[in-house]
Amino acid sequence: MTNKNAVYPGSYDPLTNGHIDIIERGLRIFEKITVAVLKNPQKKYLFDLDERLEILNHTFKDNPRIEVDCFEGLLVDYLNKREITTVVRGLRAISDFEVEFQMALMNRRLSPDVETIFLVPSVNYSFLSSRLVKEIYQLGGEIRPMVPELVDRKLKEKYRL
Ligand code: ADP
């Protein structure tokens, strides 16, 4: 099976310019990237699923090569359903490595056809995470160039800034 399509799974709580950088890099390799938002009932999110999907749909509305979707349960089951075998993930630093390595090997164990491709972001985003963005906004920090405008607006609404 050729790899024209890839799935980029994640929480996207919220989308940052680091995610966008990885998607743009992925589009140099793949015909189409499916940004797949994980629905994990156990996890507490700042943005509910609809808000996360709204942000993604709005941000990528003009690019037909980017699809936005969501999934529940195992990533390999979702990949199987969509008949896609390639996963894209971003690697920022050593801290990401262990978790990503474990996950890639576990996914391969669950479904031997699945390959995970790691892409490295621009250095400007190599320290950026959704968690850090939320913390900075909560404390009233200004971090506009690190997130799309809609996310900036929504974060300000959430924290009443
Ligand atoms: P998850 O909860 O699955 O880690 P995230 O939305 O935090 O979901 O991240 C999705 C993917 O994007 C992960 O592979 C993560 O390493 C990557 N990622 C997140 N932020 C960045 C960034 N600033 N630069 C590169 N990759 C990133």
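**Packing and backbone features of the predicted model**

Apart from neighbours within four places in sequence, Leu-53 is in contact with Val-37, Val-68, Asp-69 and Cys-70, where contact stands for heavy atoms within 4.5 Å. The model is predicted, so local features require pLDDT of at least 70 and side-chain atom pairs pLDDT 80 or more, whereas totals for chains, interfaces and linings take in all residues. Residues are numbered from 1 along each chain as its sequence is written, and side-chain values rest on heavy atoms, with hydrogens and water left out.

Leu-53 belongs to helix 2. Helices are DSSP runs of H or I with at least four residues, strands are runs of E with at least two, and both are numbered from the N terminus. Leu-53 has a relative accessible area of 15% and is therefore buried. The classes are buried for under 20% relative accessible area, exposed for over 50% and partly exposed in between, computed with a 1.4 Å probe on protein chains only.

Two packed helices are described by the angle between their axes and the distance between the axes. For helix 2 (residues 49-59) and helix 6 (residues 149-158), the axes come within 10 Å and cross at roughly 155°. Axes are lines fitted to C-alpha atoms, for helices over the stretch in contact, and angles between N-to-C directions run from 0 to 180 degrees. The crossing angle therefore makes helix 2 roughly antiparallel to helix 6; angles over 145 degrees are classed in this way, those under 35 as roughly parallel, those from 65 to 115 as roughly perpendicular and the rest as oblique. The helix 2 side of the contact is formed by Glu-51, Glu-54, Ile-55 and His-58, which meet Leu-150, Val-151, Lys-154 and Lys-158 of helix 6. By class, this contact of helix 2 with helix 6 has 3 nonpolar, 1 polar and 4 charged residues. Here Ala, Val, Leu, Ile, Met, Phe, Trp, Tyr, Cys and Pro count as nonpolar, Asp, Glu, Lys and Arg as charged, and the others, Gly among them, as polar.

In helix 5 (residues 130-138), the buried residues include Ser-130, Val-133, Lys-134 and Tyr-137. These residues are on the same side of helix 5 because they cover an arc of only 95° around the axis, the arc being that of the directions from the helix axis to the C-beta atoms. Helix 1 (17-26) and helix 6 are among the elements that cover the buried residues of helix 5. Gly-140, with a positive phi near 85°, follows helix 5. Ser-122 counts as buried because its relative accessibility is 16%. When residues up to four places away in sequence are not counted, Ser-122 touches Asp-21 and Arg-25.

Strand 4 (residues 86-90) has 5 of its 5 residues buried and is therefore largely enclosed by the rest of the structure. From strand 4, Thr-86, Val-88 and Gly-90 point one way and Val-87 and Arg-89 the other way. Strand 4 pairs with strand 5 in the parallel sense over 5 bridges, pairing being assigned if DSSP finds at least two bridges between two strands. Within this pair, Val-88 stands opposite Ile-117 of strand 5.

Phe-118 is also placed in strand 5, and its 31% relative accessibility makes it partly exposed. Leaving aside neighbours within four places in sequence, Phe-118 is in contact with Arg-89, Leu-91, Glu-100 and Ala-104. Phe-97 lies in helix 4 (residues 94-110) and, at 44% relative accessibility, counts as partly exposed. A C-alpha separation of 9.8 Å is found between Phe-97 and Phe-118, which are 21 residues apart along the chain.

Most residues other than glycine have a negative phi, and most peptide bonds are trans. In the loop between strand 1 (5-10) and helix 1, where Pro-14 is placed, a cis peptide bond joins Asp-13 and Pro-14, with omega about 0°. Tyr-12 lies in the loop between strand 1 and helix 1 and has a positive phi of about 50° although it is not a glycine. Tyr-12 is buried, at 3% relative accessibility. Glu-83 likewise has a positive phi, near 55°, and lies in the loop between helix 3 (75-82) and strand 4. Glu-83 is exposed, with a relative accessible area of 63%.
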